[in-house]
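Hi everyone, thanks for coming. I'd like to walk you through one structure today, so please have a look at the screen while I talk.

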Amino acid sequence: MNVNTLNAVRAGYAFARLIRPQPLDAEPPEADHAAHAHTVDRLLGARYLAQALASQAAPTVRVVLLGVSVDLLHAASMLALAAASRRRQNAALTEAVAALAFAMAGAFAARRVQPSPTDDRSATA
């Protein structure tokens, strides 16, 4: 998978989260909680969209690998949520798998990016 394809898939996932948020609750929440849960899910969608746009704007190895790091941190936070909340466990594990899939795809995509001079750590200033 190349960076452009990854960004398109990530942006599509982000738009789905923004347009039709799916809260991380197994049970139907009360009205007040539902609004908060939808806001949190939209924020996650916005995070995915910002990551896709940043990676598309500057598709360097460094930027793509930074995105991989963000995805891994997101997956770790979802695993922690799954461990802490039985009610949110299934949804959090699903989100962790999605974040790990994006991290793996990003790692593979980074291998296909042509390194820029700023990506070479051995370059002298």
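Let's begin with Arg 17 and Asp 41, whose side chains meet in a salt bridge at 2.2 Å, N to O. By salt bridge I mean a side-chain nitrogen of Lys or Arg within 4 Å of a carboxyl oxygen of Asp or Glu. Arg 17 lies in helix α1 and Asp 41 in helix α2, so this pair ties together parts that are 24 residues apart in sequence. For helices, I'm using DSSP runs of H or I with at least four residues, numbered from the N terminus.

A word on where this comes from: it is a predicted model, in which local features need pLDDT of at least 70 and side-chain atom pairs count only at pLDDT 80 or more, while totals for chains, interfaces and linings use all residues. Residues are numbered from 1 along each chain as its sequence is written, and side-chain values use heavy atoms, with hydrogens and water left out.

Back to our pair: is Arg 17 buried or exposed? Arg 17 is buried, with a relative accessible area of 7%, and Asp 41 counts as buried too, at 2%. Here buried means under 20% relative accessible area, exposed means over 50%, and partly exposed is in between, using a 1.4 Å probe and protein chains only.

Arg 17 has another partner as well: it forms a salt bridge with Glu 95, with the closest N and O atoms 2.7 Å apart. That links distant parts of the chain, since Arg 17 is in helix α1 and Glu 95 in helix α4, 78 residues apart. Glu 95 is buried, at 4%.

How many salt bridges are there by this rule? The count comes to 4. One of them joins the side chains of Asp 71 and Arg 10, at 3.1 Å, N to O. Asp 71 sits in helix α3 (residues 61–84) and Arg 10 in helix α1, 61 residues apart. Asp 71 has a relative accessible area of 0%, and Arg 10 counts as buried at 3%.

Now please find helix α1 itself, residues 3–19. Among its buried residues are Val 3, Leu 6, Arg 10 and Arg 17. Seen down the axis of α1, the buried residues fall within an arc of 130°, taken from the directions from the helix axis to the C-beta atoms, so they line one face of the helix. On the other side of α1, Ala 8 and Ile 19 are exposed.

Let's move on to the rings. Rings of Phe, Tyr and Trp (its six-membered ring) pair if their centres lie within 6.5 Å; planes under 30 degrees apart count as stacked, over 60 as edge-to-face and the rest as tilted. By this rule there are 3 aromatic pairs. Tyr 13 and Tyr 48 have ring centres 5.0 Å apart and planes at 80°, so the pair is edge-to-face. Tyr 13 belongs to helix α1 and Tyr 48 to helix α2 (residues 31–57).

Which residue does Tyr 48 form a tilted pair with? That partner is Phe 102, at 5.4 Å centre to centre, with 45° between the planes. Phe 102 lies in helix α4 (residues 89–112), so this pair ties together parts that are 54 residues apart in sequence. Both Tyr 48 and Phe 102 are buried, whereas Tyr 13 is partly exposed at 25%. Ring pairs link Tyr 13, Tyr 48 and Phe 102 into a cluster.

Methods: Helices (H or I, at least four residues) and strands (E, at least two) are DSSP runs, numbered from the N terminus. The expected span of a helix is 1.5 Å times one less than its number of residues.
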